[in-house]
Amino acid sequence: MPKFRQLIAPFILFLALSCHNNPNTTTAMPPAPAAPAPDSHTKNIVFFGNSLTAGYGVSPDQAFPALIAHDIDSLHLPYSVVNAGVSGETSADGRTRIAWVLKQPLDIFILELGGNDGLRGIPLTGKSGTTANLQAIIDSVKTHYPNAAIVIAGMQIPPTMGATYATAFKNIFPRLAADNHTALIPFLLQNVGGIPRLNQPDGIHPTAAGHRIVAQNVWEVLHPLLEK
């Protein structure tokens, strides 16, 4: 069986990448982060993101982190996957939550945040802007686990948010990757975003079929790191 854990943060969960709420959402207070697996050779991969990572609208085993866990298990690689996705989370929310997630050891950290910022038109610069928040998360990971590999998931937003803002938003992710010498998934939703049959009715969240393509996008960047 794939080594996969769903990690829920100690905050009210908003189930949508945009500002919409899911009526089935409940407030949950989590237990302390799980202890490392008994096998000392097993390493942890943490997916830290919003509803895309959490798998909004699909079952947990259909979300791309679970699919990655299945691929890892099928190759008998010594990694355990932790899904630390929270629907509705912004980069500021992630900046607040990261200390809790870092209580458990990690070896690879995939950062998938910023999409909600873009859809809400949150400022990209400044002390509390998207760029500063994402950088603060990266800095926290580096401080706690200096040997961990970091992967940044690139995101894009529709031009309806304004061409200038959309372009500046898109450029945040490769710039952060270059500045921090991290791996980069150029666009997490490549070959999924904007394709109706691969998205749920909201036009934002992938279907199960869409998640399979997202998993391929992630795997192309992640797989080389697993063999190092």
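The crossing of helices α2 and α7 is right-handed, a crossing being right-handed if the near helix is turned clockwise from the far one by less than a right angle, and left-handed if anticlockwise. The model is a predicted one, in which local features need pLDDT of at least 70 and side-chain atom pairs count only at pLDDT 80 or more, whereas totals for chains, interfaces and linings use all residues. Residues are numbered from 1 along each chain as its sequence is written, and side-chain values use heavy atoms, with hydrogens and water left out.

The axes of α2 (residues 64-74) and α7 (residues 208-226) come within 9 Å and cross at roughly 50 degrees, where axes are lines fitted to C-alpha atoms, for helices over the stretch in contact, and angles run from 0 to 180 degrees between N-to-C directions. This angle makes α2 oblique to α7, since angles under 35 degrees count as roughly parallel, over 145 as roughly antiparallel, 65 to 115 as roughly perpendicular and the rest as oblique. In α2, Phe64, Leu67, Ile68, Asp71 and Ile72 are in contact (heavy atoms within 4.5 Å) with residues of α7, including His211, Arg212, Trp219 and Leu226.

The chain holds 7 helices and 6 strands, these being DSSP runs numbered from the N terminus, helices of H or I with at least four residues and strands of E with at least two. Of the 228 residues in the chain, 50% are buried, that is, under 20% in relative accessible area with a 1.4 Å probe and protein chains only, while exposed means over 50% and partly exposed lies in between. Among contacts in the chain between residues at least 6 apart in sequence, 76% join residues at least 24 apart.

Strand β3 (residues 79-85) is mostly covered, with 7 of its 7 residues buried. In a regular strand the side chains alternate between the two faces of the sheet. In β3, Tyr79, Val81, Asn83 and Gly85 lie on one side and Ser80, Val82 and Ala84 on the other, and both faces are covered. Strand β2 (residues 43-49) pairs with β3 in the parallel sense over 7 bridges, pairing requiring that DSSP finds at least two bridges between two strands; Lys43 has Tyr79 of β3 as its bridge partner.

Pro78 is located in the loop between α2 and β3 and is partly exposed, with a relative accessible area of 36%. Leaving aside neighbours within four places in sequence, Pro78 is in contact with His41, Thr42 and Lys43. The C-alpha atoms of Pro78 and Leu226 are separated by 8.7 Å, although the two residues are 148 residues apart along the chain.
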